[in-house]
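Me: I would like to learn how to read a structure like this one, feature by feature. Could you take me through a few of them?

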Amino acid sequence: MTSGNVPRKAVILTAGLGTRMGGRPKALLRVGGREIIWRNIKMLQECGVQEFILVINPKFGPQIMEFLEREGFKFRHVTNAHPEKGNGYSLYLAKDFINEEFILIMGDHVYEEEFIKEAVRAKGLVGDPEPEFVDISEATKVRVKNGRVERIGKELTDFDCIDTGFFVLTPEIFRHAEEIVREKEEVSLSEIMEKARVEVTLVSGKFWMDVDTEEELERANREIIRRSIKSGEDGFISRHLNRKISIRITEKVINSLTPNQASLISFLAGTMSFLLIFFSKPVAGIFFQLSSILDGIDGEIARAKMMGSPFGGWIDSNLDRIVDFLFLLGLAYTSSLDTTGWVLFSLAAFGSYMVSYTSERYRGAFGRSIFQDYPVLRKIPGKRDERIFLIMLFLIFDAVLELFVLLAVLSLTRVVLTLILVWRKPI
């Protein structure tokens, strides 16, 4: 079960030696363009956690603390001079910092935001009955009885869930930890949780991973980026073509580009496509489609790196409108249009602008995506990715006038239907 309150304190265990990652501190490995510990602290802060206690080792501790201080995070720490004594001993060392309910997480676990939001309101050990992204044979398994841990360990064959490395505990846990520490030299968290018979809260269908190998690091990176896609707002071409390419590009550049830099690259590619109109319309169309693919990267980076901002969304939207109008104007200028042709261009340009304007103004007025409130709009053609793909196809056959007719019909029809939907059923 979950509660409504979020603990004020969180303990993060980062005292491991990182032997399976070439001696690197796993807490500082980058996933989705951000260090694991940065991601976890930031998400916990956004959920209401105010104080962080780090358990570090002498080898990597200074490096981790220097990074967090540079990033502006406030924390306290305790040093585990004997990391070989196990993660249970690391938890025990945090006892003097805790006098209330607290969160405990591992420094090498990656979680998506939706997991964190649910887990912070849990009780005891957070388990996943159907983990999708972990190797079950290597995972810590939990057998549950009457809602509490009965047995826990990697060797279990009969189990109910997998330990996610996320706990919401009370100071009572340190009494059980101390009893084991007095008896043994090496102490695991599993032993403490089993002895304490802590409650178990199940969280399923959310992404989390324990990163122990390079392969797991790559997989976590891919998954965090994949989950950054706002698929509900994508048109048909983005869902089935553009995103399949842009996400692979994002995987390669996420550690070296900011969202605004990615927006600028897409804008420059769109501007280049406009200039290419004066030399070759088919080539310009292909380049315009390329800019449409690149246009998805800034949002993927922003969400994966947790760098989304109102300015970023605003500037990206404005740059897109500039590129769209320039490209259509370039087509009209180089096509020797008569009066009818210029009228069709005007309708196509106006409709293309209004498709985006109606969506953006809805977000500005109501603070929500129009596709969230009116999901049927996802099925109506005419979104930007679809228009650009059609532009490429028609320019390959140098059918500019026919293109303007189709763009005008598609975009204006979509605008009219949008207005009717919102008018008849305002939220």
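**Rings, helices and strands**

Reply: Let us begin with the aromatic rings: the structure, which is a predicted model, holds 17 aromatic pairs. In one of them, the ring centres of Trp342 and Phe345 are 5.5 Å apart and the planes stand at 85°, so this pair is edge-to-face.

Me: How is a pair of aromatic rings described in general?

Reply: Two quantities are used, the distance of the centres and the angle of the planes. In the present case an angle over 60 degrees counts as edge-to-face, and the 85° between Trp342 and Phe345 therefore places them in that class. Both residues belong to helix H13, where they are three residues apart, about one turn of the helix.

Me: Is Phe345 buried or exposed, and which cluster includes Phe345?

Reply: Phe345 has a relative accessible area of 6% and is buried, because the cut-off for that class is under 20%, whereas Trp342, at 33% relative accessibility, counts as partly exposed. The two residues form one aromatic cluster together with Phe325 and Phe404.

Me: Where does a charged end sit over a ring?

Reply: The charged end of Arg34 is placed over the ring of Trp38, 3.8 Å from its centre, and that of Lys85 lies over the ring of Tyr89, 4.8 Å from the centre.

Me: What span should the 13 residues of helix H15 have?

Reply: At 1.5 Å a residue, helix H15 (residues 384–396) should span 18 Å, and the 19 Å between its end C-alpha atoms agrees with this. Its buried residues, among them Arg384, Ile388, Leu390 and Leu395, pack against helices H8, H10, H12, H13 and H16. After H15 comes Asp398, which has a positive phi, near 55°.

Me: What does the UniProt annotation "transmembrane region" cover?

Reply: According to the unreviewed UniProt entry, this annotation covers residues 264–290, 339–358 and 388–421. In the model, residues 339–358 are 100% helix, with end C-alpha atoms 28 Å apart, while residues 388–421 are 91% helix and 0% strand, with end C-alpha atoms 25 Å apart.

Me: How do side chains alternate in a regular strand, and which strands are joined to strand E8 by bridges?

Reply: In a regular strand the side chains alternate between the two faces of the sheet. Strand E8 (residues 124–128) is mostly covered, with five of its five residues buried. Four bridges join E8 to strand E11, and these two run antiparallel, with Asp128 partnered by Ile162. Three bridges join E8 to strand E12 in a parallel arrangement, where Leu202 is the bridge partner of Gly127.

Note on methods
Residues numbered from 1 in each chain as written. Predicted model: local features only at pLDDT ≥ 70, side-chain atom pairs only at ≥ 80, totals over all residues. Heavy atoms only, no water. Expected span 1.5 Å × (residues − 1). Buried < 20%, exposed > 50% of the residue type's maximum accessible area, 1.4 Å probe, protein only. Contact = heavy atoms within 4.5 Å. Pairing = 2+ DSSP bridges. UniProt positions renumbered as here; feature names shortened; annotations may be inferred. Phe/Tyr/Trp six-rings, centres within 6.5 Å; stacked < 30°, edge-to-face > 60°. Lys NZ or Arg CZ within 6 Å of the ring centre and 35° of its normal.
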